[in-house]
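Please read the points below alongside the structure, which they take up in turn: a pair of packed helices and then several charged pairs.

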Amino acid sequence: MGASELKSCGEEFVTKLLDRRWTLLNPNTTIHQIKLSNMLHADEPLDGISFSSNTHPSLGHDTAGNSNQDPSFYIVRDDLLHPLVNGNKARKLDGLLPLVEDHSVTDVVTCGGCQSAHAAAVAVSCAERGLRSHLLLRGEQPEILTGYNLISTLYGNIKYVPRSLYAKREEMLIRHANLVAGNSGSVLWFSDLLETSFTTQTSGKPNLVQIDAHINADSHRRKVAIINEGAADAVGLLGMIRLVQYLSQKHLFGKERTLKIVVDAGTGTTAVGLGLGALCLGCVPVCVTYPCELSWEVTAVMLADTVDGYKKKEKCLISDFKHCTAFHHIEHVLKGTDGGIVHWVERGRPRKFGNVLKGDVETCQQIAQQTGILVDPIYTLAAWELATLLSQEEAKGGAKVVMLHTGGTLGMFGLAQRYKSYFQAV
């Protein structure tokens, strides 16, 4: 299959894939430009650097710029999508939640850590749609409820699970879902819904609205859906592909311009979704043989696993995606993915997942005061550091650097409890 045929297949595939109802009214997002100045040689990634924000940057063909400009990177402000739901969580749920209505689901069961942004996102999103959410949180209830834990408690039904039981997540989720369903109810996995959506999904319907109140009556049979931890399923990739389609429009970044897209990686699902979107939408140079390098290169900062672990997860997600979509040219469209579509890298200052190091909070404060953008020490600061480094490397006419801001604001409240000395010094 030639390059033009391959591109046509990819466009046909994406059109079919995205012809569905969505949670978000549209895929639009805000894009800012971060400019760097006063750069001095330093041992740490952000030492000696000042930042400023351009809230109305020139995009489209105007992004070409010239080599004499100061280093800069663009930031996709998905942190602004919802006041309580992280941007990457909103994207993962974008294609998932409408399937709830299609399958008359009444209850949703999922799991996460005590300060899980995913659990909070599910709780809020379900409540907005008249659904009951049941959240299994790892560990013990904190003395003071705050951050994502507080939001999960207010919007959902919380149960704290000992770490020994939580280690067997699938068994734990199934057991609790069966308890919620009762003898007359039923249980299903969201990972099974994407396959049927291609035959049952009807395009042109309005976006998901609150389900009729009658489903909340205890007298009715319950239909319970299970969402994996972090919504790390193939169905969670749909919203990211929709975002890539939006960003690839000519008046924004286009498909031909060389981009280095930076994102923090928890489960890695967001990064894989971005990579798949770039590949399916033809954000690649014209070539007939594979593998060929993407003109949109997705780089993910590893935070919760090893490079082997993330590569394994990437392969599993792509395999599940191929199986679920079952498009007749899917093998051609996704040919060459065996070598990987995401560049996985270590954080500049590696640490055990969830740890905050000395100086992180002060750096977040500096960024907030200079740009009006809040990043958190666990996730988005890692992406910001890499975007800063890459923008300096690409300053002389190289690729444009784009950071996806996934959110994380509410996580700061939980961190302030855990790392009191660091926050007291601010």
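1. A crossing counts as left-handed if the near helix is turned anticlockwise from the far one by less than a right angle, and as right-handed if clockwise; the crossing of α10 and α11 is right-handed. Helices here are DSSP runs of H or I of at least four residues, strands are runs of E of at least two, and both are numbered from the N terminus.

2. This is a predicted model, in which local features need pLDDT of at least 70 and side-chain atom pairs count only at pLDDT 80 or more, while totals for chains, interfaces and linings use all residues. Residues are numbered from 1 along each chain as its sequence is written, and side-chain values use heavy atoms, with hydrogens and water left out.

3. Helix α10 (residues 269–280) packs against helix α11 (residues 307–325) at an angle of about 55°, their axes lying 10 Å apart. The contact (heavy atoms within 4.5 Å) is made by T269, V272 and L276 of α10 together with E314, L317, I318 and F321 of α11.

4. A salt bridge is a side-chain nitrogen of Lys or Arg within 4 Å of a carboxyl oxygen of Asp or Glu, and by this rule the count comes to 15. One of them joins D94 to R242, with the closest N and O atoms 2.8 Å apart; because D94 lies in helix α2 and R242 in helix α9, the pair ties together parts that are 148 residues apart in sequence.

5. E394 and K260 also meet in a salt bridge, at 2.9 Å from N to O, and both residues are buried (under 20% relative accessible area, with exposed over 50% and partly exposed in between, for a 1.4 Å probe and protein chains only).

Technical notes. Axes are lines fitted to C-alpha atoms, for helices over the stretch in contact, and angles run from 0 to 180 degrees between N-to-C directions.
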